[in-house]
Amino acid sequence: MKPTGIAVIGAGNRGREAYGEYVLQNPHECTVVAVAETDDERRRLFSAEHQIPGHRQFESWQELLEEPRLCDAVLICIGDRDHYDVTMKCIERGYHVLLEKPMAVDPGQCLEIPAAADEAGITLVIAHVLRYTPLFYTIRELLDRDAIGRVVTIQHNENVGHQHFAHSYVRGNWRRAETSSPIILAKSCHDMDLIFWFAGARCQSVSSFGRLIHFREENAPPGSTEYCLDGCSVFHTCPFSVAAVYLSSPYRWPTTVVTPDSSLDARIEALRRGPYGRCVYRCDNDVVDNQVVAMSFENGVTASFTLSGFTHEISRTIKLMGTRGEIRAHLEKNEIELHSFSTKSVTTIRPHAGTGKHGGGDHGLMRSFLRSLRTGNHDYIVNARESAEGHLIAFAAEEARKNGNVVQMDAFVEASKT
Ligand SMILES: NC(=O)c1ccc[n+]([C@@H]2O[C@H](COP(=O)([O-])OP(=O)(O)OC[C@H]3O[C@@H](n4cnc5c(N)ncnc54)[C@H](O)[C@@H]3O)[C@@H](O)[C@H]2O)c1
(Lines give C-alpha, C1' and ligand atoms only; values in the text may rest on other atoms or scores of the structure.)
Protein backbone atom coordinates (compact mmCIF):
# COMPACT_ATOMS: atom_id res chain seq x y z
CA MET A 1 0.00 0.00 0.00
CA LYS A 2 1.39 3.39 -1.02
CA PRO A 3 1.27 5.85 1.91
CA THR A 4 -1.17 8.74 1.42
CA GLY A 5 0.65 12.04 0.91
CA ILE A 6 -0.55 14.88 3.12
CA ALA A 7 0.29 18.53 3.70
CA VAL A 8 -0.02 20.08 7.14
CA ILE A 9 -1.14 23.69 7.52
CA GLY A 10 -0.21 24.86 11.03
CA ALA A 11 2.45 22.75 12.76
CA GLY A 12 1.49 23.78 16.29
CA ASN A 13 -0.05 21.66 19.01
CA ARG A 14 -2.58 19.87 16.81
CA GLY A 15 -0.62 19.70 13.57
CA ARG A 16 2.54 18.47 15.24
CA GLU A 17 1.50 16.70 18.40
CA ALA A 18 -1.87 15.17 17.51
CA TYR A 19 -1.62 14.34 13.80
CA GLY A 20 2.14 14.61 13.17
CA GLU A 21 2.64 12.03 15.90
CA TYR A 22 0.20 9.67 14.17
CA VAL A 23 2.08 10.01 10.88
CA LEU A 24 5.41 9.21 12.55
CA GLN A 25 3.91 6.14 14.18
CA ASN A 26 2.21 4.94 10.99
CA PRO A 27 4.59 5.61 8.07
CA HIS A 28 3.01 2.79 6.03
CA GLU A 29 -0.31 4.70 6.03
CA CYS A 30 0.72 8.28 5.34
CA THR A 31 3.58 10.67 4.89
CA VAL A 32 3.86 14.45 5.23
CA VAL A 33 5.11 15.95 1.98
CA ALA A 34 4.67 19.66 2.74
CA VAL A 35 4.13 22.06 5.62
CA ALA A 36 2.93 25.65 5.97
CA GLU A 37 3.83 27.23 9.29
CA THR A 38 4.53 30.91 10.03
CA ASP A 39 6.70 30.28 13.07
CA ASP A 40 10.28 29.57 11.92
CA GLU A 41 11.22 27.32 14.83
CA ARG A 42 8.05 25.23 14.61
CA ARG A 43 8.43 24.89 10.85
CA ARG A 44 12.04 23.82 11.26
CA LEU A 45 11.25 21.27 13.97
CA PHE A 46 8.31 19.77 12.12
CA SER A 47 10.21 19.62 8.82
CA ALA A 48 13.12 17.85 10.51
CA GLU A 49 10.77 15.31 12.14
CA HIS A 50 9.08 14.52 8.83
CA GLN A 51 12.10 15.03 6.55
CA ILE A 52 10.30 17.60 4.44
CA PRO A 53 12.58 19.08 1.76
CA GLY A 54 13.23 22.84 1.80
CA HIS A 55 11.16 23.60 -1.30
CA ARG A 56 8.09 22.05 0.40
CA GLN A 57 8.37 24.18 3.55
CA PHE A 58 6.11 27.23 3.32
CA GLU A 59 5.80 30.26 5.56
CA SER A 60 2.04 30.59 5.16
CA TRP A 61 -0.94 28.61 3.96
CA GLN A 62 -1.38 31.07 1.10
CA GLU A 63 2.06 30.17 -0.28
CA LEU A 64 1.41 26.44 -0.05
CA LEU A 65 -1.94 26.72 -1.79
CA GLU A 66 -0.52 28.84 -4.60
CA GLU A 67 1.46 25.76 -5.68
CA PRO A 68 -0.09 23.14 -7.96
CA ARG A 69 -1.70 20.30 -6.00
CA LEU A 70 1.14 18.63 -4.08
CA CYS A 71 -0.58 15.60 -2.57
CA ASP A 72 -3.95 14.01 -1.79
CA ALA A 73 -4.98 15.70 1.43
CA VAL A 74 -4.43 18.67 3.69
CA LEU A 75 -4.73 18.81 7.46
CA ILE A 76 -5.91 22.30 8.46
CA CYS A 77 -4.61 22.98 11.96
CA ILE A 78 -4.34 26.77 12.19
CA GLY A 79 -6.39 29.26 14.19
CA ASP A 80 -10.19 29.18 14.18
CA ARG A 81 -10.63 32.43 12.26
CA ASP A 82 -8.70 31.20 9.21
CA HIS A 83 -10.57 27.91 8.83
CA TYR A 84 -13.14 29.09 6.32
CA ASP A 85 -10.72 30.79 3.90
CA VAL A 86 -8.17 27.97 3.99
CA THR A 87 -10.77 25.25 3.56
CA MET A 88 -12.49 26.93 0.65
CA LYS A 89 -9.12 27.37 -1.05
CA CYS A 90 -8.19 23.70 -0.43
CA ILE A 91 -11.51 22.59 -1.89
CA GLU A 92 -10.91 24.81 -4.93
CA ARG A 93 -7.47 23.21 -5.33
CA GLY A 94 -8.95 19.69 -5.16
CA TYR A 95 -7.45 18.61 -1.84
CA HIS A 96 -9.28 16.27 0.50
CA VAL A 97 -9.44 17.94 3.89
CA LEU A 98 -9.26 17.15 7.57
CA LEU A 99 -10.37 20.41 9.17
CA GLU A 100 -9.86 21.23 12.82
CA LYS A 101 -12.90 22.27 14.79
CA PRO A 102 -14.57 24.69 14.90
CA MET A 103 -15.10 24.37 11.17
CA ALA A 104 -15.79 28.13 10.97
CA VAL A 105 -16.66 31.00 13.28
CA ASP A 106 -19.88 31.93 11.51
CA PRO A 107 -22.95 29.67 11.27
CA GLY A 108 -23.53 30.46 7.59
CA GLN A 109 -19.97 29.40 6.77
CA CYS A 110 -20.54 26.10 8.59
CA LEU A 111 -23.33 25.39 6.13
CA GLU A 112 -21.35 26.64 3.12
CA ILE A 113 -18.20 24.55 3.65
CA PRO A 114 -19.80 21.07 3.46
CA ALA A 115 -21.92 22.15 0.50
CA ALA A 116 -18.80 23.32 -1.37
CA ALA A 117 -16.97 20.07 -0.57
CA ASP A 118 -19.88 17.93 -1.77
CA GLU A 119 -20.17 19.91 -4.98
CA ALA A 120 -16.45 19.47 -5.68
CA GLY A 121 -16.47 15.76 -4.73
CA ILE A 122 -14.01 16.40 -1.90
CA THR A 123 -13.72 14.23 1.21
CA LEU A 124 -14.05 16.59 4.15
CA VAL A 125 -13.94 15.55 7.76
CA ILE A 126 -14.23 17.82 10.79
CA ALA A 127 -12.00 17.00 13.76
CA HIS A 128 -14.80 16.06 16.11
CA VAL A 129 -12.36 13.58 17.55
CA LEU A 130 -14.70 12.36 20.30
CA ARG A 131 -16.79 10.57 17.67
CA TYR A 132 -13.74 8.34 17.13
CA THR A 133 -13.07 7.81 20.85
CA PRO A 134 -13.78 4.21 21.94
CA LEU A 135 -15.69 5.33 25.05
CA PHE A 136 -18.16 7.45 23.10
CA TYR A 137 -18.73 5.12 20.18
CA THR A 138 -19.29 2.30 22.64
CA ILE A 139 -22.07 4.40 24.19
CA ARG A 140 -23.58 4.93 20.74
CA GLU A 141 -23.42 1.16 20.14
CA LEU A 142 -25.20 0.53 23.46
CA LEU A 143 -27.96 2.94 22.45
CA ASP A 144 -28.22 1.22 19.05
CA ARG A 145 -28.58 -2.12 20.86
CA ASP A 146 -31.44 -0.64 22.89
CA ALA A 147 -29.48 -1.20 26.11
CA ILE A 148 -31.38 1.51 28.03
CA GLY A 149 -34.60 1.63 26.02
CA ARG A 150 -35.67 4.98 24.64
CA VAL A 151 -33.35 7.83 25.58
CA VAL A 152 -35.33 10.40 27.54
CA THR A 153 -32.78 12.86 28.84
CA ILE A 154 -29.01 13.47 28.78
CA GLN A 155 -26.75 15.26 31.27
CA HIS A 156 -23.30 16.10 30.03
CA ASN A 157 -20.37 17.87 31.72
CA GLU A 158 -17.29 19.37 30.16
CA ASN A 159 -14.83 19.56 33.06
CA VAL A 160 -12.21 21.81 31.50
CA GLY A 161 -9.78 21.58 34.44
CA HIS A 162 -8.69 24.75 36.26
CA GLN A 163 -5.14 24.80 34.89
CA HIS A 164 -6.20 23.95 31.34
CA PHE A 165 -8.76 26.74 31.57
CA ALA A 166 -6.16 29.24 32.77
CA HIS A 167 -3.74 28.18 30.04
CA SER A 168 -6.07 28.19 27.03
CA TYR A 169 -8.99 30.47 27.93
CA VAL A 170 -7.39 33.11 30.19
CA ARG A 171 -3.80 33.46 28.98
CA GLY A 172 -3.89 31.59 25.69
CA ASN A 173 -5.20 31.63 22.14
CA TRP A 174 -8.88 31.14 23.00
CA ARG A 175 -9.20 33.87 25.66
CA ARG A 176 -11.11 36.36 23.50
CA ALA A 177 -14.18 35.58 21.43
CA GLU A 178 -13.29 38.15 18.78
CA THR A 179 -9.85 36.68 18.05
CA SER A 180 -10.90 33.01 18.25
CA SER A 181 -14.53 32.22 19.02
CA PRO A 182 -16.87 31.95 22.04
CA ILE A 183 -15.85 29.04 24.27
CA ILE A 184 -19.12 27.19 23.66
CA LEU A 185 -17.99 26.93 20.02
CA ALA A 186 -14.21 26.71 20.46
CA LYS A 187 -14.30 24.09 23.19
CA SER A 188 -17.76 22.63 23.25
CA CYS A 189 -18.80 22.18 19.64
CA HIS A 190 -17.46 18.69 20.47
CA ASP A 191 -20.00 18.35 23.26
CA MET A 192 -22.89 19.77 21.27
CA ASP A 193 -22.02 17.22 18.59
CA LEU A 194 -21.96 14.34 21.09
CA ILE A 195 -25.32 15.35 22.60
CA PHE A 196 -26.86 15.66 19.13
CA TRP A 197 -25.46 12.23 18.19
CA PHE A 198 -26.78 10.55 21.32
CA ALA A 199 -30.14 12.34 21.19
CA GLY A 200 -30.59 10.90 17.72
CA ALA A 201 -32.56 13.81 16.28
CA ARG A 202 -32.18 17.42 15.26
CA CYS A 203 -32.18 20.04 17.99
CA GLN A 204 -35.38 22.07 18.30
CA SER A 205 -34.67 24.79 20.88
CA VAL A 206 -31.84 26.05 23.05
CA SER A 207 -31.37 28.29 26.10
CA SER A 208 -28.14 29.13 27.89
CA PHE A 209 -26.60 31.05 30.80
CA GLY A 210 -23.06 31.82 31.87
CA ARG A 211 -20.52 34.59 32.35
CA LEU A 212 -16.95 35.37 33.24
CA ILE A 213 -17.05 35.15 37.03
CA HIS A 214 -13.54 34.69 38.32
CA PHE A 215 -10.68 35.66 36.02
CA ARG A 216 -11.15 39.41 36.35
CA GLU A 217 -8.93 42.11 37.82
CA GLU A 218 -11.21 42.77 40.80
CA ASN A 219 -10.48 39.21 42.01
CA ALA A 220 -6.69 39.63 41.96
CA PRO A 221 -5.22 38.72 45.38
CA PRO A 222 -3.50 41.59 47.28
CA GLY A 223 0.21 41.62 46.48
CA SER A 224 -0.19 39.86 43.15
CA THR A 225 1.75 41.28 40.21
CA GLU A 226 1.26 41.75 36.45
CA TYR A 227 3.49 38.72 35.71
CA CYS A 228 3.83 35.78 38.10
CA LEU A 229 7.62 36.06 38.05
CA ASP A 230 7.60 39.73 39.13
CA GLY A 231 7.69 38.80 42.84
CA CYS A 232 4.00 37.96 43.22
CA SER A 233 3.10 37.48 46.91
CA VAL A 234 0.93 34.39 46.15
CA PHE A 235 3.38 32.80 43.72
CA HIS A 236 3.58 29.53 45.69
CA THR A 237 -0.08 29.24 46.71
CA CYS A 238 -2.05 30.46 43.68
CA PRO A 239 -3.35 27.37 41.81
CA PHE A 240 -3.01 29.26 38.51
CA SER A 241 0.53 30.64 38.96
CA VAL A 242 3.21 29.70 36.44
CA ALA A 243 4.83 27.71 39.24
CA ALA A 244 1.79 25.44 39.39
CA VAL A 245 1.01 25.27 35.67
CA TYR A 246 4.36 25.30 33.85
CA LEU A 247 7.33 24.95 36.19
CA SER A 248 6.50 22.11 38.54
CA SER A 249 5.50 19.44 36.03
CA PRO A 250 7.52 17.49 33.44
CA TYR A 251 7.93 19.08 30.01
CA ARG A 252 4.63 18.21 28.30
CA TRP A 253 1.49 20.02 27.16
CA PRO A 254 0.69 22.83 28.03
CA THR A 255 4.34 23.74 28.67
CA THR A 256 5.22 22.61 25.13
CA VAL A 257 3.04 25.50 23.92
CA VAL A 258 5.02 28.03 25.99
CA THR A 259 8.42 27.13 24.50
CA PRO A 260 9.75 24.40 22.23
CA ASP A 261 12.87 24.28 24.48
CA SER A 262 12.32 21.91 27.41
CA SER A 263 14.99 23.39 29.72
CA LEU A 264 13.96 25.18 32.92
CA ASP A 265 15.91 28.29 31.87
CA ALA A 266 13.97 28.48 28.58
CA ARG A 267 10.65 28.09 30.39
CA ILE A 268 11.50 30.87 32.85
CA GLU A 269 12.67 33.14 30.04
CA ALA A 270 9.44 32.55 28.07
CA LEU A 271 7.31 33.18 31.16
CA ARG A 272 9.00 36.42 32.25
CA ARG A 273 7.23 38.61 29.70
CA GLY A 274 5.42 36.15 27.43
CA PRO A 275 1.61 35.75 27.35
CA TYR A 276 1.66 32.59 29.48
CA GLY A 277 3.53 34.40 32.28
CA ARG A 278 0.71 36.84 32.92
CA CYS A 279 -1.32 36.96 36.12
CA VAL A 280 -4.63 35.23 35.38
CA TYR A 281 -6.48 38.15 36.96
CA ARG A 282 -4.85 40.68 34.67
CA CYS A 283 -5.24 39.24 31.16
CA ASP A 284 -7.36 40.64 28.34
CA ASN A 285 -9.65 37.57 28.39
CA ASP A 286 -13.39 37.84 27.88
CA VAL A 287 -14.72 34.30 27.29
CA VAL A 288 -16.98 32.93 30.02
CA ASP A 289 -15.55 30.61 32.67
CA ASN A 290 -18.80 28.70 33.11
CA GLN A 291 -21.79 28.06 30.87
CA VAL A 292 -24.90 25.92 31.03
CA VAL A 293 -27.04 24.99 28.01
CA ALA A 294 -30.50 23.40 27.96
CA MET A 295 -31.70 21.73 24.75
CA SER A 296 -34.78 19.98 23.43
CA PHE A 297 -34.70 17.70 20.40
CA GLU A 298 -37.30 16.92 17.75
CA ASN A 299 -37.86 13.38 19.14
CA GLY A 300 -38.63 14.71 22.64
CA VAL A 301 -35.19 14.09 24.17
CA THR A 302 -34.03 16.85 26.52
CA ALA A 303 -30.42 17.57 27.45
CA SER A 304 -28.43 19.75 29.79
CA PHE A 305 -24.79 20.66 29.44
CA THR A 306 -22.39 22.31 31.89
CA LEU A 307 -18.99 23.69 30.98
CA SER A 308 -16.80 24.68 33.90
CA GLY A 309 -13.28 26.03 34.27
CA PHE A 310 -13.37 25.09 37.96
CA THR A 311 -12.75 21.36 38.08
CA HIS A 312 -9.83 19.44 39.54
CA GLU A 313 -9.45 17.21 36.48
CA ILE A 314 -9.75 17.53 32.73
CA SER A 315 -12.53 15.19 31.74
CA ARG A 316 -15.95 14.71 30.29
CA THR A 317 -18.67 12.95 32.24
CA ILE A 318 -22.04 11.99 30.84
CA LYS A 319 -25.27 10.41 32.04
CA LEU A 320 -27.88 9.11 29.60
CA MET A 321 -31.24 8.20 31.10
CA GLY A 322 -33.51 5.84 29.20
CA THR A 323 -36.85 4.18 29.79
CA ARG A 324 -35.19 0.87 30.77
CA GLY A 325 -31.80 1.83 32.07
CA GLU A 326 -29.11 4.38 32.59
CA ILE A 327 -25.59 4.90 31.25
CA ARG A 328 -22.95 6.82 33.21
CA ALA A 329 -19.55 7.38 31.66
CA HIS A 330 -16.26 9.03 32.56
CA LEU A 331 -13.84 9.78 29.73
CA GLU A 332 -10.62 10.01 31.74
CA LYS A 333 -11.35 6.77 33.57
CA ASN A 334 -12.43 5.22 30.25
CA GLU A 335 -15.32 3.68 32.11
CA ILE A 336 -18.99 3.12 31.31
CA GLU A 337 -21.54 1.95 33.88
CA LEU A 338 -24.62 0.37 32.39
CA HIS A 339 -27.57 0.08 34.77
CA SER A 340 -30.50 -2.11 33.81
CA PHE A 341 -33.85 -1.39 35.48
CA SER A 342 -35.30 -4.83 34.80
CA THR A 343 -32.40 -6.97 36.06
CA LYS A 344 -31.20 -4.35 38.57
CA SER A 345 -27.71 -5.18 37.33
CA VAL A 346 -24.76 -2.85 36.84
CA THR A 347 -22.23 -3.70 34.17
CA THR A 348 -18.92 -1.86 34.00
CA ILE A 349 -17.45 -1.55 30.52
CA ARG A 350 -13.89 -0.39 29.85
CA PRO A 351 -13.59 -0.03 26.08
CA HIS A 352 -10.30 -0.87 24.44
CA ALA A 353 -8.43 2.45 24.86
CA GLY A 354 -6.87 3.64 21.64
CA THR A 355 -3.58 5.52 21.27
CA GLY A 356 -3.34 9.30 21.11
CA LYS A 357 -5.11 12.03 23.05
CA HIS A 358 -8.86 12.50 23.55
CA GLY A 359 -9.19 8.93 24.78
CA GLY A 360 -7.87 7.60 21.46
CA GLY A 361 -10.00 9.97 19.35
CA ASP A 362 -7.12 11.88 17.73
CA HIS A 363 -5.57 8.77 16.25
CA GLY A 364 -8.98 7.21 15.60
CA LEU A 365 -9.91 10.20 13.46
CA MET A 366 -6.68 10.05 11.43
CA ARG A 367 -7.04 6.30 10.91
CA SER A 368 -10.63 6.70 9.73
CA PHE A 369 -9.88 9.66 7.47
CA LEU A 370 -7.02 7.84 5.76
CA ARG A 371 -9.06 4.66 5.43
CA SER A 372 -11.86 6.64 3.87
CA LEU A 373 -9.43 8.19 1.34
CA ARG A 374 -7.89 4.81 0.51
CA THR A 375 -11.16 2.97 0.03
CA GLY A 376 -13.47 5.77 -1.12
CA ASN A 377 -15.89 4.55 1.57
CA HIS A 378 -17.24 7.52 3.51
CA ASP A 379 -18.90 5.34 6.15
CA TYR A 380 -15.66 5.47 8.14
CA ILE A 381 -16.05 9.19 8.78
CA VAL A 382 -18.77 11.54 9.95
CA ASN A 383 -20.29 13.61 7.18
CA ALA A 384 -19.35 17.29 7.52
CA ARG A 385 -23.01 18.33 7.12
CA GLU A 386 -23.73 16.29 10.23
CA SER A 387 -20.80 17.94 12.02
CA ALA A 388 -22.32 21.32 11.19
CA GLU A 389 -25.37 20.46 13.36
CA GLY A 390 -23.36 20.52 16.60
CA HIS A 391 -21.73 23.79 15.55
CA LEU A 392 -25.13 25.34 14.89
CA ILE A 393 -26.33 24.35 18.36
CA ALA A 394 -23.23 26.05 19.81
CA PHE A 395 -23.91 29.27 17.87
CA ALA A 396 -27.53 29.18 18.99
CA ALA A 397 -26.48 28.65 22.62
CA GLU A 398 -24.21 31.68 22.43
CA GLU A 399 -27.02 33.80 21.03
CA ALA A 400 -29.35 32.55 23.80
CA ARG A 401 -26.74 33.30 26.47
CA LYS A 402 -26.11 36.81 25.22
CA ASN A 403 -29.75 37.75 24.69
CA GLY A 404 -31.36 35.75 27.51
CA ASN A 405 -33.86 34.14 25.11
CA VAL A 406 -34.82 30.67 23.92
CA VAL A 407 -33.53 30.13 20.38
CA GLN A 408 -35.68 28.10 17.97
CA MET A 409 -33.27 26.16 15.78
CA ASP A 410 -35.29 26.15 12.56
CA ALA A 411 -35.55 29.92 12.48
CA PHE A 412 -31.91 30.24 13.56
CA VAL A 413 -30.64 27.98 10.77
CA GLU A 414 -32.81 29.73 8.18
CA ALA A 415 -31.46 33.13 9.25
CA SER A 416 -27.89 31.73 9.12
CA LYS A 417 -28.30 30.93 5.44
CA THR A 418 -28.84 34.54 4.45
N1 LIG B 1 -10.01 18.74 17.79
C2 LIG B 1 -9.65 19.15 18.99
O3 LIG B 1 -9.97 18.53 19.99
C4 LIG B 1 -8.83 20.40 19.14
C5 LIG B 1 -8.06 20.61 20.30
C6 LIG B 1 -7.31 21.79 20.38
C7 LIG B 1 -7.35 22.72 19.35
N8 LIG B 1 -8.13 22.49 18.26
C9 LIG B 1 -8.20 23.44 17.14
O10 LIG B 1 -7.05 23.22 16.32
C11 LIG B 1 -6.62 24.45 15.72
C12 LIG B 1 -5.14 24.66 16.04
O13 LIG B 1 -4.98 24.68 17.44
P14 LIG B 1 -3.53 24.46 18.11
O15 LIG B 1 -3.78 24.20 19.54
O16 LIG B 1 -2.74 23.51 17.33
O17 LIG B 1 -2.95 25.94 17.94
P18 LIG B 1 -1.42 26.34 17.80
O19 LIG B 1 -1.37 27.81 17.99
O20 LIG B 1 -0.58 25.47 18.67
O21 LIG B 1 -1.07 25.97 16.29
C22 LIG B 1 -1.50 26.74 15.20
C23 LIG B 1 -0.30 26.97 14.31
O24 LIG B 1 -0.71 27.63 13.10
C25 LIG B 1 0.35 28.51 12.72
N26 LIG B 1 -0.16 29.53 11.81
C27 LIG B 1 -0.87 30.65 12.09
N28 LIG B 1 -1.16 31.34 10.98
C29 LIG B 1 -0.65 30.64 9.94
C30 LIG B 1 -0.64 30.83 8.53
N31 LIG B 1 -1.19 31.91 7.95
N32 LIG B 1 -0.03 29.89 7.76
C33 LIG B 1 0.55 28.80 8.32
N34 LIG B 1 0.57 28.58 9.67
C35 LIG B 1 -0.02 29.48 10.47
C36 LIG B 1 0.83 29.07 14.04
O37 LIG B 1 2.13 29.62 13.96
C38 LIG B 1 0.76 27.85 14.96
O39 LIG B 1 1.98 27.15 15.04
C40 LIG B 1 -7.53 25.53 16.29
O41 LIG B 1 -8.55 25.81 15.39
C42 LIG B 1 -8.11 24.89 17.54
O43 LIG B 1 -9.37 25.40 17.90
C44 LIG B 1 -8.84 21.35 18.15
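**Entry 1. The six-stranded sheet**

I began with an open sheet of six strands, in which the pairing is parallel and the order runs β3-β2-β1-β4-β5-β6. I noted β3 (57-58) and β6 (124-126) at the edges; each has a single partner strand, so one side of each has no neighbour in the sheet. The model I am reading is a predicted one.

I then followed the pairing of β5 with β6, which is parallel and extends over three bridges. Within this pair I found Leu99 opposite Ile126 of β6.

**Entry 2. Helix α4**

Which residues of helix α4 are buried? In α4 (residues 83-93) I listed His83, Val86, Thr87, Cys90 and Ile91. These residues lie on the same side of α4, because the arc they cover around the axis is only 135°.

**Entry 3. Ala104**

I located Ala104 in the loop that runs between β5 (96-99) and α5 (107-120). Is Ala104 buried or exposed? I counted it as buried because 26 other C-beta atoms lie within 10 Å, where the cut-off for a buried residue is 20 or more.

With neighbours within four places in sequence left aside, I found Ala104 in contact with His83, Tyr84, Gln109, Cys110 and Ile113. His83 is also among the buried residues of α4. I checked Ile213 as well: from Ala104 it is 109 residues away in sequence and 27 Å away in space, C-alpha to C-alpha.

**Entry 4. Domains and the ligand shell**

I recorded three stretches of the chain: domain 1 (4-127), domain 2 (131-215 + 286-359 + 381-417) and domain 3 (217-277). Between the C-alpha centres of domain 1 and domain 3 I noted a distance of 32 Å.

How many residues surround the ligand? I found 26, of which the closest are Gly10, Gly12, Asn13, Arg14 and Glu100. By class, the shell holds ten nonpolar, nine polar and seven charged residues. Helix α1 (residues 13-25) gives the most to this shell, with three residues. I also noted that domain 1 and domain 2 each supply at least three residues of the shell.

**Entry 5. The nine-stranded sheet**

I turned to a second open sheet, this one of nine strands with mixed pairing, ordered β14-β13-β12-β11-β7-β10-β9-β8-β15. Its edge strands are β14 (346-349) and β15 (407-408), each of which pairs on one side only.

Within this sheet I examined β12 (residues 325-330) and β13 (residues 335-340), which pair in the antiparallel sense over six bridges. I identified Glu335 in β13 as the bridge partner of His330.

**Entry 6. Glu332**

I placed Glu332 in the loop between β12 and β13. I classed Glu332 as partly exposed because 14 other C-beta atoms lie within 10 Å; that class falls between 12 or fewer for exposed and 20 or more for buried.

What does Glu332 contact once its neighbours within four places in sequence are left aside? I found Glu313 and Ser315. Finally, I looked up Asn173, which is 159 residues from Glu332 in sequence and 24 Å from it in space, C-alpha to C-alpha.

Note on methods. Residues numbered from 1 in each chain as written. Predicted model: local features only at pLDDT ≥ 70, side-chain atom pairs only at ≥ 80, totals over all residues. Pairing = 2+ DSSP bridges. Helix = DSSP H or I, 4+ residues; strand = E, 2+ residues; numbered from the N terminus. Contact = placed C-beta atoms within 7 Å. Near = placed C-beta within 6 Å. Nonpolar A, V, L, I, M, F, W, Y, C, P; charged D, E, K, R; others polar. Domains from an automatic or database assignment. Arc of directions from axis to C-beta.
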